[in-house]
Amino acid sequence: MIAPEYALRDGNRIPALGLGTYGLNDEAGVDAVLAAIDDGYRLLDTAYNYGNEQVIGDAVARTDVDRSDLIITTKLPGRHHGYDETLQSFEESRRRLGVEWIDLYLIHWPNPSVDKYVESWRAMISLREKGLARSIGVSNFTEQMLTRLGDETGLLPVVNQVELHPYFPQGELRAFHDEHGIRTESWSPLGKRSALLEEPVITELAARHGVTPAQLVLRWHVELETIPIPKSADAVRRRSNLDVFGFELAPEEVEAISALERGRLWGADPNTHEEM
Ligand SMILES: NC(=O)C1=CN([C@@H]2O[C@H](COP(=O)(O)OP(=O)(O)OC[C@H]3O[C@@H](n4cnc5c(N)ncnc54)[C@H](OP(=O)(O)O)[C@@H]3O)[C@@H](O)[C@H]2O)C=CC1
Ligand SMILES: O=C(O)C(=O)[C@@H](O)[C@H](O)C(=O)CO
């Protein structure tokens, strides 16, 4: 199963679903990422701070799938904000991944109290101009922060990766993204170890469609046209998480799932959260 793709505003393409890799480490992590690529995952999400870029790089080096068919995402950590620091951090990530280019490079968190994300963004624009980062984006940015990037540099990110699941559907931010050609990626798309997958509306709709609760939630993301990046260390769950393109949800089913809205699960508000 290979996920369909969306076009990004910069002319590049991105799969409609990817693999989260936080917690996939060591040799077991390499095996998991390699098996995921074999099973059809083409979008891989890591970060400097996950400490597993080399794990992703090893899997990419070992697979038979063409490098140009893979979309590798990594992220700039908070402690490396600033123009020169960003260029240096990017080189470290690229070296650990063992790749010529990074497909999607994101600012992991805005850390507004440090107030250097615009400088980092300028460095990322230069990386894109050199072809070292094919697409550039951000993560955990608010509408105000995105607007500031656009106002001060003339270039908006093509992706904003944010917390997004049925408990926190991010309706207003998604509408802003859609208006400005920013693609939404969903982190913790399954609600990471919360009770989401046991919610009656989820289990009942899953039974109606003959799918698992996780497949139902992932299909909800697809209906919203956000890109979920579920993480699983288990091969069977990874395969079923990718297998969500053979059924559809009716608009009222999407609404019923979105009605679970109650807010962020982990309290990580981009206006105050400081990421090192
Ligand atoms: N930009 C950012 O700030 C952030 C980015 N991320 C990214 O998003 C990715 C995904 O988010 P994450 O927080 O891991 O949470 P997810 O919502 O992807 O949930 C992962 C959890 O769900 C379990 N799981 C996976 N598939 C299934 C299934 N089919 N049925 C039941 N349980 C399942 C996993 O267990 P098991 O492994 O045992 O299957 C794991 O415990 C991360 O790996 C990372 O790449 C995450 C947080 C913040
Ligand atoms: O991206 C992730 O998976 C995270 O957990 C982030 O929240 C990030 O690594 C962080 O904020 C650590 O403090």
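## Charges on a predicted model

Helix α6 (residues 171-180) supplies the largest share of the negative patch, three residues. The model is predicted, so to speak with cut-offs: local features need pLDDT of at least 70, and side-chain atom pairs count only at pLDDT 80 or more. Residues are numbered from 1 along each chain, and side-chain values use heavy atoms, without hydrogens or water.

Who sits in that surface patch? E143, E172, D178, E179 and E225, with E172 lying in helix α6. Patch members have over 30% relative accessible area (Shrake-Rupley, 1.4 Å probe) and no salt bridge, with like charges joined within 9 Å.

As for salt bridges (a Lys or Arg side-chain nitrogen within 4 Å of an Asp or Glu carboxyl oxygen), the whole structure has twelve. One of them links R94 to E91, with the closest N and O atoms 3.0 Å apart. Both residues lie in helix α3 (residues 83-97), three residues apart, about one turn of the helix.Helices here are DSSP runs of H or I with at least four residues, and strands are E runs of at least two.

The UniProt record, an unreviewed entry, annotates residues 17-260 as "domain: NADP-dependent oxidoreductase"; such annotations may be inferred rather than shown by experiment. The end C-alpha atoms of that span lie 22 Å apart, and the span is 45% helix and 15% strand.

Here are the confidence values, with pLDDT being the predictor's confidence in each residue, from 0 to 100.

| Score | Value |
|---|---|
| Average pLDDT of the chain | 98 |
| Residues with pLDDT of at least 70 | 100% |
| ipTM of the complex | 0.96 |
| pTM of the complex | 0.98 |

Key: Chains are lettered from A and ligands numbered from 1 in the order in which they are written. Patches are made of residues with over 30% relative accessible area and no salt bridge: like charges are joined within 9 Å, nonpolar side chains (Val, Leu, Ile, Met, Phe, Trp, Tyr) within 5 Å. Lys and Arg count as positive and Asp and Glu as negative; His and the chain ends are not counted. The place of a charge is taken as NZ of Lys, CZ of Arg, CG of Asp or CD of Glu.
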